[in-house]
Amino acid sequence: MQGNVGQLPLCRFAPGIFPESKKWRNKLRQRSLLWVDVVFSALPRTSRPRRLIFMRIKLESGVTSMQPYESLVARDTVTDARVPDAVSVVGIPLGLIDYESTLDWIDATAAQDGRGYVCVCNVHAVMAAAEDPELRSALLASSLNVPDGQPLVWALAALGHPLGDRVYGPELMARSCARSAETGQRLYLYGGRNQGALVQLALNLRQRYPGVKIVGGHSPPHRPLSDSERESVITEINGSRPDVVWVGIGVPKQEKWMAEMRPHLDAPVLVGVGAAFDFHAGLVPQAPGWMQELGLEWAFRLAQEPRRLWRRYTRYNPRFVRDFGRQLIAHRRRRALGR
């Protein structure tokens, strides 16, 4: 089927289960891999991520037996998917949250077989929402909007809500893959420049995070989907039974897509991360760390793709400074008046 990304069974086992011999370890992995994947996939979502998400492999005299194995990731304190407090920045609510809390929310939502979607917001997203009612509705209807752009983190701090760091989409996706390689969470990739880029993304993620369970992927055409294509996508994603669908088709398409498709998809969580697909596929370089910390990532990306991005940055960056400046002045006046 078009869009499938190597649906090979993948599983990561706990250290110490297999003998130290590399020859035996590889042989036993081959014997048990498919069986573990089948048993694990058959478990209901509500019991996978927190209680029996791993099936321990006990190998005695060449015989494979199964027994419950607790999650390698000791995060039993996450018992629900409570949405964090949010603060409005130029009319868009942004969660007061960090990487680990965002991942915990994703895991808890998947564990409870809930339904939600996450928008990773930068200046472009919040400013485009002011002139795009459909995008604004999608952002307001999301389960969680996380501050991806450094200017948004500064804005929250100026309003009296300092955060330790932003929740940068590519980093969030990377940390999720690392965690998923240990918990067995099932991931689906929707997006990418083309099918070749999507396949490269899946290969890179599997190499960097051995054991990550990428159960499928689809690179849609760069146009609105027809009704038949839309139904095919829904059928394919639901058939893959992912816990999380990572969406990388860019702002504002990914936010609108998640809002539209949310009622039709069985996956508990959808996350829109835009350019993270290109970064992790190795198609576009990321800005150096010091530029990201100074809020200059936009300048680096503009230098990389001037034709595509110059209108975006010259249009929305000055408007953000203007609109947030007005919000900040009003905020300080209210504080001065004791309101």
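1. Arg230 counts as buried because its relative accessibility, 18%, falls under 20%. Elsewhere, salt bridges that share partners link Glu100, Asp104, Asp107, Glu171, Arg175 and Arg179 into one network.

2. The model is predicted, and confidence should be read first. The chain has a mean pLDDT of 81, with 76% of its residues at 70 or more. Residues 6-27 have a pLDDT below 50, yet the model gives this stretch 40 contacts beyond near neighbours in sequence. Residues 29-79 likewise stay under 50 in pLDDT, and for them the model has 107 contacts beyond four places in sequence.

3. How many salt bridges does the count come to? The count is 18. As background, side chains of opposite charge can pair when their charged atoms come close. One of the bridges joins Glu229 to Arg223, where the closest N and O atoms are 2.7 Å apart. Glu229 is partly exposed at a relative accessible area of 24%, and Arg223 is partly exposed at 44%.

4. Another bridge is formed by the side chains of Asp113 and Arg115, at 3.2 Å from N to O. Asp113 has a relative accessible area of 31%, which means that it is partly exposed. Arg115 is also classed as partly exposed, with a relative accessibility of 42%.

5. Where is Arg115 found? This residue is in the loop between α2 (99-111) and β5 (116-121). A polar atom of its side chain lies 3.2 Å from the backbone oxygen of Asp266. Arg115 and Ala267 are 152 residues apart in sequence, while their C-alpha atoms are 7.3 Å apart in space. Once neighbours within four places in sequence are set aside, the contacts of Arg115 include Thr109, Ser143, Arg262 and Leu265. Asp266, Ala267 and Pro268 are also among them.

6. Is Glu297 buried or exposed? Glu297 is buried, because its relative accessible area of 13% is under the 20% cut-off. The residue belongs to helix α12, which covers residues 297-304. Its side chain makes a polar contact of 2.7 Å with the side chain of Tyr168. Apart from neighbours within four places in sequence, Glu297 contacts Arg166, Tyr168, Phe279, Ala287, Met291 and Gln292.

7. Leu296 sits in the loop between α11 (289-293) and α12. At 30% relative accessibility, Leu296 is counted as partly exposed. Which residues make the nonpolar surface patch of about 410 Å²? Leu296 is one of them, and the others are Trp290, Leu294 and Trp298.

8. Points to check against the structure follow. In the loop between α2 and β5, look at Arg115, whose side chain meets that of Asp113 in a salt bridge and also comes to 3.2 Å from the backbone oxygen of Asp266. In α12, look at Glu297 and its polar contact with Tyr168. When viewing residues 6-27 and residues 29-79, keep in mind that pLDDT is below 50 in the former and under 50 in the latter.

Methods
Residues are numbered from 1 along each chain as its sequence is written. This is a predicted model: local features need pLDDT of at least 70, side-chain atom pairs count only at pLDDT 80 or more; totals for chains, interfaces and linings use all residues. Side-chain values use heavy atoms; hydrogens and water are left out. Helices (H or I, at least four residues) and strands (E, at least two) are DSSP runs, numbered from the N terminus. Buried means under 20% relative accessible area, exposed over 50%, partly exposed in between (1.4 Å probe, protein chains only). A polar contact is a pair of N or O atoms within 3.5 Å; within protein, one must be able to donate a hydrogen and the other to accept it, and residues adjacent in sequence count only if both atoms are side-chain atoms. Contact means heavy atoms within 4.5 Å. pLDDT is the predictor's confidence in each residue, from 0 to 100. Patches are made of residues with over 30% relative accessible area and no salt bridge: like charges are joined within 9 Å, nonpolar side chains (Val, Leu, Ile, Met, Phe, Trp, Tyr) within 5 Å. Accessible areas come from the Shrake-Rupley method with a 1.4 Å probe; for residues, only the protein chains shown count as cover. A salt bridge is a side-chain nitrogen of Lys or Arg within 4 Å of a carboxyl oxygen of Asp or Glu.
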